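Q: Please take a close look at one part of this model, the place where its two chains meet. What holds there, and which parts of the chains take part?

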Amino acid sequence: MAIDYKALKNGGFMRQIQKDRFSLRLKVVGGHLTSDQLDTITRVSRQYGDGRVHLTSRQGVEIPFIRLEDVETVKEELAAGGVDTGVCGPRVRTVTACQGQAICPSGCIDTYALAVEISDRYFGRQLPHKFKFGVTGCMNNCLKAEENDLGVKGGLAVSWKKDACTLCGVCTKACREGALTQTETEIVLDESRCNHCGRCAKSCPFDAWDGASGYILSFGGTFGNLIAKGEEILPIIRDKETLFRVADAALAFFDAHGRPSERFRVSIDRAGWDTFKEAIRAAYEG
Amino acid sequence: MATQPLTDILPDAAVDITDVVCPVTFVKAKVALEELDEGQILSVRMNDGEPVQNVPRSIKEEGHQVLKLIDNGDGTYQLLVRKMGE
Ligand code: SF4
Ligand code: SF4
Ligand code: SF4
C-alpha cells in the first residue's frame, strides 16, 4: 500500500529522517494541558514512542518515534485520553497564548478564553499557507504577538477618576510613554501618546482609574524564512464581535489574494497595504 | 520639608523595605502587616520605581486599606496602610 504522507501530515504526523517513524504533533491551545492529558501523553510516549516528548517553539507538544503501523492506535488512545492531534500544512495552526488576566496580575484580557474561541472558530481551516494566531495579555508581550500572522495583544483604555485620586504621583511615574502629567489639581492624559499598557490603572493604590479591556491587533508577522514584524493598523478594539469580524476579513483577504505556499505577509505586500487596510477598516467599522 | 510630618495619621508600626528587592519587597510588607491587629496602621518605606508601582497596589489587592502614599522627596515613599480582616 502506498503511504499517503500528505494525509498523515494533515493529521499532525511529521515524517522523521528515520524510516517509517513519525513525530506526532498534538493539539494544544493557549499552552494549557491538564495533568490528565499529560498522563495520557506520557503513556503513549512510553508505549509507542521512545519515552520522550518535544516541546515546540509555539507551545506545542510532539511525540517522536511513532511507528507507521501504530499511527491509528496511537490516535485512538490519545483521543480516549482527551488529547487531540494537531495539524500541519497550509492551515490555521496552534493558537498560542500567555497566561493572561486569569493568572497574571499584569494581564489586561483573558488570553486563554480568547485563544479557545479563536481555535474553535479557525483551527485547521485551510488557507494558502500556514497561519498563526498568538494572544498576549498585555504590552509586556511575553507571547510576542507580532511574530504571528495575526497577533492579539491585550490593552486597557483608561480614564482617570478625579474623585478617587489623591495625587500621590505613582501613575505619572509608572507611565513609560510620557502620556500623563500631574498638575496641582489633576492628572492630564494625552491620548495621542497612550499605548494602552494599563500601567497607570494597575499601579494606582487608590483605584482612581477605570480601565476597559481591549484588543490591539497586528497583521502579517512572520519569523521563518522571511522575518517581518506584524503591523498595527487599527485603534484598540473594545469588543469581541469587532475582533472576530476583523479576523474573518483578514482570513478572507488571505484566501482572495494569497498564492499557494505564500505567507500572509507576502500576500499583503503584493496586494498592497493600502488595499489591505481598506478591507480591514471596512470590517472594523462593520 | 522632609523633616516635617506630612500626615496626621499615626502608624502603629513601621517597616522599611528599601533594603530588599522584588519579590521580597511585597513579602516583607505582608509579614509586617500580619503582625498587626485588624484596624492598626502600618507605615511602609519603599523605594521609588518598581516597588512603589507594585507594592501599594498589591497590598490593596490583598484587601487592606491604603490610606496615604507620601513622596519623601529622597527617592523613597512612605505608604500608610490599615490592616483589614481576612
Ligand atoms: S504578556 Fe502580560 S499578561 Fe501575558 S504573561 Fe506577560 S505580563 Fe502577563
Ligand atoms: S496613582 Fe492613582 S491616586 Fe496616585 S496620582 Fe495617579 S490616579 Fe491619583
Ligand atoms: S495606559 Fe499606559 S501609556 Fe496610557 S496613560 Fe496609562 S500608563 Fe500611560
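A: Across the interface of chain A and chain B in this predicted model, six residue pairs are in polar contact, both residues of each pair being at pLDDT 80 or more. On the side of chain A that touches chain B, α5 (170-174) and α6 (199-203) each supply at least two residues. That side of chain A divides into seven nonpolar residues, one polar and three charged.

Four salt bridges are counted between chain A and chain B. One of them joins the side chains of A:Lys173 and B:Asp71, with 3.6 Å from N to O.

In terms of extent, chain A brings 11 residues to the contact and chain B brings 12 residues. The area buried between chain A and chain B comes to about 1000 Å², and carbon and sulfur atoms give 50% of that area. Within chain A, the residues that lose the most area to chain B are A:Lys173, A:Pro205 and A:Phe206, which together make up 46% of what that side buries.

Helix α7 (residues 240-257) of chain A packs against helix α8 (residues 264-271) of chain A at an angle of about 75 degrees, their axes being 10 Å apart. Therefore α7(A) is roughly perpendicular to α8(A). The residues of this contact divide into six nonpolar, two polar and one charged. From α7(A) come A:Ala250, A:Phe253, A:Phe254 and A:His257, which meet A:Phe264, A:Ser267, A:Ile268, A:Arg270 and A:Ala271 in α8(A).

How values were computed:
Residues numbered from 1 in each chain as written. Chains lettered and ligands numbered in written order. Predicted model: local features only at pLDDT ≥ 70, side-chain atom pairs only at ≥ 80, totals over all residues. Heavy atoms only, no water. Contact = heavy atoms within 4.5 Å. Buried area = accessible area lost by both parts, 1.4 Å probe. Polar contact = N/O pair within 3.5 Å; in protein donor to acceptor, adjacent residues only side chain to side chain. Helix = DSSP H or I, 4+ residues; strand = E, 2+ residues; numbered from the N terminus. Nonpolar A, V, L, I, M, F, W, Y, C, P; charged D, E, K, R; others polar. Axes fitted to C-alpha atoms, helices over the stretch in contact; angles between N-to-C directions. Parallel < 35°, antiparallel > 145°, perpendicular 65-115°, else oblique.
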